[in-house]
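The stops below are meant to be selected in order.

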Amino acid sequence: MTENTPAPSHDTEQRPTLVVDFGAQYAQLIARRVREAGVYSEIVPHTVTAEEIAARNPVAVILSGGPSSVYADEAPGMDRAIFDLGIPMLGICYGFQVMAKALGGEVASTDAREYGATQATVKGDGGTLLQGQPETQSVWMSHGDQVVRAPEGFDVLASTSLTPVAAFADEERRLYGVQWHPEVKHSEYGQLVIEGFLHRGAGLAADWNSESVIVEQIARIREQVGDARVISALSGGVDSAVSTALVHRAIGDQLTAVFVDHGLLRKGEREQVERDYVASTGVRLITVDAADTFLHHLAGVTDPEQKRKIIGREFIRTFEKVQRELVEESKADGRPIKFLVQGTLYPDVVESGGGAGTANIKSHHNVGGLPDDLDFELIEPLRALFKDEVRAVGRELGIPEPIVARQPFPGPGLGIRIIGEVTRERLEILREADAIAREELSNAGQDDHIWQCPVVLLADVRSVGVQGDGRTYGHPIVLRPVSSEDAMTADWSRLPYDVLARISNRITNEVRDINRVVLDVTSKPPATIEWE
Ligand code: XMP
């Protein structure tokens, strides 16, 4: 058992590469690309001071792109003293211009705007940054201003037909910059630019990966928990499954996981958690069968927000009841429950403006909205990770693929995918239709192309159909396949017609009361992903 293995000695503070965020959407993408290069990264706001940066002891600093001109009145600035810290730095797009201007180069607003794919020409051997890259390559540009003169001590590494200084370097001070966006896939050799900076420029090894995350987190969790007890709410989703498994790896049966079956789950989900998840992780699990209670309280309710409130409230009640029982049990042996596991991810931390420290319980988008006055300290082992990294950690921990690869599913479950009152019968209908859609999408290899595909039952709508010799008067099912990066915006997925046809045929043939299948072709905005 892992509990018996000694905790490895470790630096609790991992030295990060810091990405300074100038306010565009690129900082998270840059942070991810850095991690893909095997180097740990974190995002800091551009208002960070040189002292704060120094206190983090970073191994490298990257200045992100931004929306503005460095000369605009409201242009986001940066503490100039950061350039004097002797830390290897890479400036990207706006960050490249900030670096140029701060160090005595010249940035000008010319008519030479470049947007989109642009040909860049690498000069000489490309220096440390662009070494080994083709002389001409396609890069992704998005700028109005440009660097017209590099600061003293800098060599120009690349240019385009409109931008004479498209990349530069001061090898001695280990300062680098590119006008284009190496973090976007449209820049052909973008990842190599980032790797060139990290591995050669800053001399960093590619040693950050799922395995190192697990080792580090196990040590941290053991240190935090000691011999106290911990509980965790499993939802069947990726984040709670991985955070729970990770904590279990660290402290074994000091952890109890609670799984509330609210009756609004999809087909096979409870079995997946109770059987496959437990078998692969060894987690001690308590399942609470609360479907009757939830359905009782949902009877007659049609308003979406009302449904959410009821489901959230009942979830808390159910969880607190189990928790009280466990607390009593734990008092008996003198090892109190002190901690609650929470599957908070890095984007939540960044978006809530949070850096280090402060716990932030997700309200809307967590299991069902755990109360924030629970008398527990939080354990958040995924706080530094992006979703795809969480999946990689889950795979490393041996969690079954259907759970690790699972698409986002709302806490209130099928309750907000039945338009109208939620009843047991309607849930059964929707569950069957949803299972067919999921199966066909997976069989057609669509799982990697779509973000999620809500299947919605319009329970209060009926339309006329004909089946066999008879006229039917059944309900429509809506398919809502969407593509998205983060669920903040989304587009409807262009699924192949034959896949749609198969799903439609099977649902109308196999699911009673359904005589029509329709496709939602709306982006977000203006529509949301879910119908309620
Ligand atoms: P919308 O419908 O707002 O959904 O475009 C964005 C993402 O959030 C999920 N979602 C929820 N998740 N509780 C949750 O845990 C909720 O009440 C909830 N409502 C929406 C939705 O599935 C999508 O991934």
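The tour visits helix contacts, then individual backbone features, and finally the ligand.

This is a predicted model, in which local features need pLDDT of at least 70 and side-chain atom pairs count only at pLDDT 80 or more, whereas totals for chains, interfaces and linings use all residues. Residues are numbered from 1 along each chain as its sequence is written, and side-chain values use heavy atoms, with hydrogens and water left out.

**Stop 1: α1 and α5**

Select residues 26-36, which form helix α1, and residues 190-201, which form helix α5. Helices here are DSSP runs (H or I, at least four residues) and strands are runs of E (at least two), numbered from the N terminus. The axes of α1 and α5 come within 10 Å and cross at roughly 65°. Each axis is a line fitted to C-alpha atoms, for helices over the stretch in contact, and angles run from 0 to 180 degrees between N-to-C directions. The angle makes α1 roughly perpendicular to α5; angles of 65 to 115 degrees carry that label, those under 35 count as roughly parallel, those over 145 as roughly antiparallel, and the rest as oblique. α1 passes α5 in a right-handed crossing. A crossing is right-handed if the near helix is turned clockwise from the far one by less than a right angle, and left-handed if anticlockwise.

Now show the side chains of R33, V34 and E36 on α1 and of Q191, I194 and L198 on α5, which make the contact (heavy atoms within 4.5 Å). These residues divide into 3 nonpolar, 1 polar and 2 charged. Ala, Val, Leu, Ile, Met, Phe, Trp, Tyr, Cys and Pro count as nonpolar, Asp, Glu, Lys and Arg as charged, and the others, Gly among them, as polar.

**Stop 2: α7 and its two partners**

Move to α6 (residues 210-225), which packs against α7 at an angle of about 65°, the axes being 9 Å apart. α6 and α7 are therefore roughly perpendicular to each other, and their crossing is right-handed. On α6, highlight I214, Q217, I218, I221, R222 and V225; on α7, highlight L246, V247, R249, A250 and I251. By class, this contact has 8 nonpolar, 1 polar and 2 charged residues.

The contact joins V238, D239, V242 and L246 of α7 to K387, V390, R391, V393 and G394 of α12. It comprises 5 nonpolar, 1 polar and 3 charged residues.

**Stop 3: backbone features**

Select N57, in the loop between α2 (50-56) and β3 (60-63). Its phi is near 55°, a positive value in a residue other than glycine.

Next, go to P525, in the segment after β21 (514-519). A cis peptide bond joins K524 and P525, with omega about -10°. The bond from P525 to P526 is cis as well, with omega near 10°.

**Stop 4: the ligand**

Which residues are closest to the ligand? Of the 15 that surround it, the closest are R308, Q452, K524, I529 and E530 (a residue is near if one of its heavy atoms lies within 4 Å). A polar side-chain atom of Q452 lies 2.5 Å from a ligand oxygen atom. A polar backbone atom of I529 is 2.7 Å from an oxygen atom of the ligand, and a backbone N or O atom of G411 lies 2.9 Å from one.

Terms used
A polar contact is a pair of N or O atoms within 3.5 Å; within protein, one must be able to donate a hydrogen and the other to accept it, and residues adjacent in sequence count only if both atoms are side-chain atoms.
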